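Me: I would like to go through this structure with you. May I start with how the terms are used?

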Amino acid sequence: MIRAEAYLVWNAAMCLCALPLGGKLAGLPLPRKEPLFCSAGAGAVLALTAAYQPVFSVAALLGLPLSVAACFHAHGAQACMRCAVTTLAATLLLGGAASALTVHGMPAQPAALVSLMLGALCYLLVTLLPNAVCEVRQVELKVDGHAVLLPAMLDSGNLLRDPVTGLPVLVVPCKAARLLFPDIADPCDLYSLPLGFRLLNVRTAAGSSLLPLFRPDECRLYLNGRACPAQLLVAVAGREYGGVQALVPMAALPHGELSL
C-alpha cells in the first residue's frame with residue numbers, strides 16, 4: 001500500500017511539472033491551479049491503474065491530451081494540439097531522466113526528485129529565452145482602408161524605437177509599403193513620400209541609413225495561434241532587404257507573453 005501511495009504521489013508531482021513545462025514550451029502561460037491539480041491527480045490515478053492493470057494503458061495515454069485540454073482549452077484547439085506535443089516531450093524528458101538514474105543505481109525517490117529539479121530548470125531556461133517559444137507567424141497592417149498580411153519573424157536584434165513616441169518599430173519590406181500606399185510609386189524614394197511620413201535614422205553593422213517611418217491605423221500580431229493588437233510604428237526597409245518577412249521587435253509583444 002505504501003509503495004502504491006508513493007507511486008501515486010510521484011506521478012502526480014511529475015504531472016504537476018510536465019503540464020506547465022509543456023505549456024511553456026508551446027508558448028502558453030501557466031494554467032489555473034484548479035484544472036492543473038485535477039489533471040495531475042487524474043493522471044496519477046491513471047498511471048497507477050495502468051501499472052496494476054496493463055489493459056488500462058491506452059486509457060492512461062489518453063489522459064495526456066485530456067489533461068492538456070482541461071488546462072489550456074481557453075487558448076484554442078490549435079494551441080492545445082501544439083501543447084499536447086510539447087507536454088508529451090516534457091513527460092518523456094522527466095520520465096526518461098528518472099529511469100536513467102534508477103538504471104545507474106540511484107533509488108527511485110531521489111531519481112524522481114532529481115528529474116523534477118531538471119524539469120524546473122528547463123522551465124526557468126525557457127522563461128529566460130522567450131523568443132525561443134513565442135512564435136509570430138503573421139503581421140496584419142491597415143492604413144486608410146488598405147490592408148496587408150505579411151509573414152513575420154520575431155527579431156531579437158530589432159531594438160528600434162521611435163525617438164518621438166518611444167514605441168517599438170516594425171520593419172517591413174518595400175513591397176508591403178506599396179500595397180498599403182498604392183499612390184506612392186516608390187516608398188524607398190525619400191523625396192516622394194507624402195505627409196505623415198517621418199525618417200528614422202538606423203545604424204547597422206553596414207553603416208547608417210534613413211528609413212521611411214509611418215504609424216498604421218491598425219496592427220495585429222498573430223502570436224502563438226491568436227491575434228494580438230500591437231502599438232508600434234512601421235519602418236520601410238531599403239532595397240537591399242530582399243526578404244518578404246516583417247521583422248517584429250521583442251518589445252512589441254504583449255507583456256503577458258513574456259511573463260512567468
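Predicted model: local features only at pLDDT ≥ 70, side-chain atom pairs only at ≥ 80, totals over all residues.

Me: Is Phe181 buried or exposed, then?

Reply: Phe181 counts as buried, because its relative accessibility is 13% and the cut-off is under 20%.

Me: Which residue forms an aromatic pair with Phe181?

Reply: Phe181 pairs with Phe214 in an edge-to-face arrangement, with 5.0 Å centre to centre and 85 degrees between the planes. The two residues are 33 residues apart: Phe181 lies in the loop between α6 and β4, and Phe214 in strand β5. Phe214 is also buried, at 4% relative accessibility.

Me: Which residues do the ring pairs link into a cluster?

Reply: Phe181, Phe197 and Phe214 are joined in that way. The whole structure has 3 aromatic pairs.

Me: Now the core. Which residues of the largest nonpolar core touch the most other members?

Reply: That core has 32 residues, and those touching the most other members include Val139, Leu170, Phe214 and Val248. Among the elements that give it two or more residues are β1, β2, α6 and β9. Another core, of 11 residues, lies apart from it and includes Leu19 and Val68.

Me: What is Val139 in contact with, sequence neighbours aside?

Reply: Its contacts beyond four places in sequence include Val148, Leu150, Leu170, Leu221 and Val248.

Conventions
Residues numbered from 1 in each chain as written. Heavy atoms only, no water. Core = buried A, V, L, I, M, F, W, Y, C linked by side-chain atoms within 4.5 Å. Buried < 20%, exposed > 50% of the residue type's maximum accessible area, 1.4 Å probe, protein only. Helix = DSSP H or I, 4+ residues; strand = E, 2+ residues; numbered from the N terminus. Contact = heavy atoms within 4.5 Å. Phe/Tyr/Trp six-rings, centres within 6.5 Å; stacked < 30°, edge-to-face > 60°.
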